[in-house]
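Reader: I would like to learn how to read a helical model step by step. Could we go through one together?

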Amino acid sequence: MRQLAKHSPHERLAMGLDTLADSELAGGYGQFLDDYDSFLGWKEQMGSAQISNDELDSDSRNAFSRYADFLHSALTHRRITKDLRRLLVL
């Protein structure tokens, strides 16, 4: 666990994706990173402002949705045992 904790969350996710060896998830990882990069840019532009989902443009909503869908697919993957899936989601 200590070795794993030395890695960033994205590095741990990449390691997990490698272990799952799911070509569909692997193929979507680049888009996931792009969406995350966009999120960081939007967050920086917004500063501390609070924005509701209704105020987001469709591109932003789509990127957030893709990001969430990818994480959900990765963390609840069928190759991960039920006990581990439960812990990952928590």
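Reader: Happy to start with a single residue. In which helix is Asp35 found?

Author: Asp35 sits in helix 3. Please keep in mind that this is a predicted model.

Reader: Let me step back to the whole chain. How many helices and strands does the protein have?

Author: There are five helices and zero strands, and the pattern along the sequence reads α-α-α-α-α. The C-alpha trace spans about 40 × 30 × 25 Å along its principal axes. Of the 90 residues in the protein, 17% are buried.

Reader: And what percentage of the contacts between residues at least 6 apart in sequence join residues at least 24 apart?

Author: That share is 53%.

Reader: Now to packing. What describes two packed helices?

Author: Two things do: the angle between the axes and the distance between them. Take helix 3, residues 23-46, and helix 4, residues 58-75: their axes come within 9 Å and cross at roughly 135 degrees. Helix 3 and helix 4 are therefore oblique to each other. The crossing of helix 3 past helix 4 is left-handed.

Reader: Which residues make the contact between helix 3 and helix 4?

Author: On the helix 3 side they include Leu25, Gly28, Tyr29, Asp35 and Trp42. On the helix 4 side, Ala63, Arg66, Tyr67 and Phe70 are among them. By kind, the contact of helix 3 with helix 4 divides into twelve nonpolar, four polar and three charged residues. Asp35, with its contacts to Ala63, Arg66 and Tyr67, belongs to this contact.

Reader: At what angle do helix 2 and helix 3 pack?

Author: Their angle is about 165 degrees, and the axes are 11 Å apart. An angle over 145 counts as roughly antiparallel, and helix 2 and helix 3 are therefore roughly antiparallel to each other. Helix 2 passes helix 3 in a right-handed crossing. His10, Leu13, Ala14, Leu17 and Leu20 of helix 2 meet Leu25, Tyr29, Phe32, Leu33 and Tyr36 of helix 3. These residues divide into nine nonpolar, one polar and no charged.

Reader: What kind of aromatic pair do Phe39 and Phe64 form?

Author: Phe39 and Phe64 form an edge-to-face pair, at 5.9 Å centre to centre and with 75 degrees between the planes. This pair also links distant parts of the chain: Phe39 in helix 3 and Phe64 in helix 4 are 25 residues apart. Phe39 is partly exposed, with a relative accessible area of 33%, and Phe64 counts as partly exposed at 29%.

Reader: Which residues form the aromatic cluster?

Author: Tyr29, Phe32, Tyr36, Phe39, Phe64, Tyr67 and Phe70 form one cluster.

Reader: Back to helix 2 for a moment. Which residues is Met15 in contact with, leaving aside its neighbours within four places in sequence?

Author: Met15 is in contact with Leu4 and His7. Met15 lies in helix 2, residues 9-20, and is partly exposed, with a relative accessible area of 36%. Between Met15 and Leu4 there are 9.6 Å from C-alpha to C-alpha, and the two are eleven residues apart in sequence.

Terms used
Residues are numbered from 1 along each chain as its sequence is written. This is a predicted model: local features need pLDDT of at least 70, side-chain atom pairs count only at pLDDT 80 or more; totals for chains, interfaces and linings use all residues. Side-chain values use heavy atoms; hydrogens and water are left out. Axes are lines fitted to C-alpha atoms, for helices over the stretch in contact, and angles run from 0 to 180 degrees between N-to-C directions. Helices (H or I, at least four residues) and strands (E, at least two) are DSSP runs, numbered from the N terminus. Angles under 35 degrees count as roughly parallel, over 145 as roughly antiparallel, 65 to 115 as roughly perpendicular and the rest as oblique. A crossing is left-handed if the near helix is turned anticlockwise from the far one by less than a right angle, and right-handed if clockwise. Contact means heavy atoms within 4.5 Å. Ala, Val, Leu, Ile, Met, Phe, Trp, Tyr, Cys and Pro count as nonpolar, Asp, Glu, Lys and Arg as charged, and the others, Gly among them, as polar. Rings of Phe, Tyr and Trp (its six-membered ring) pair if their centres lie within 6.5 Å; planes under 30 degrees apart count as stacked, over 60 as edge-to-face and the rest as tilted. Buried means under 20% relative accessible area, exposed over 50%, partly exposed in between (1.4 Å probe, protein chains only).
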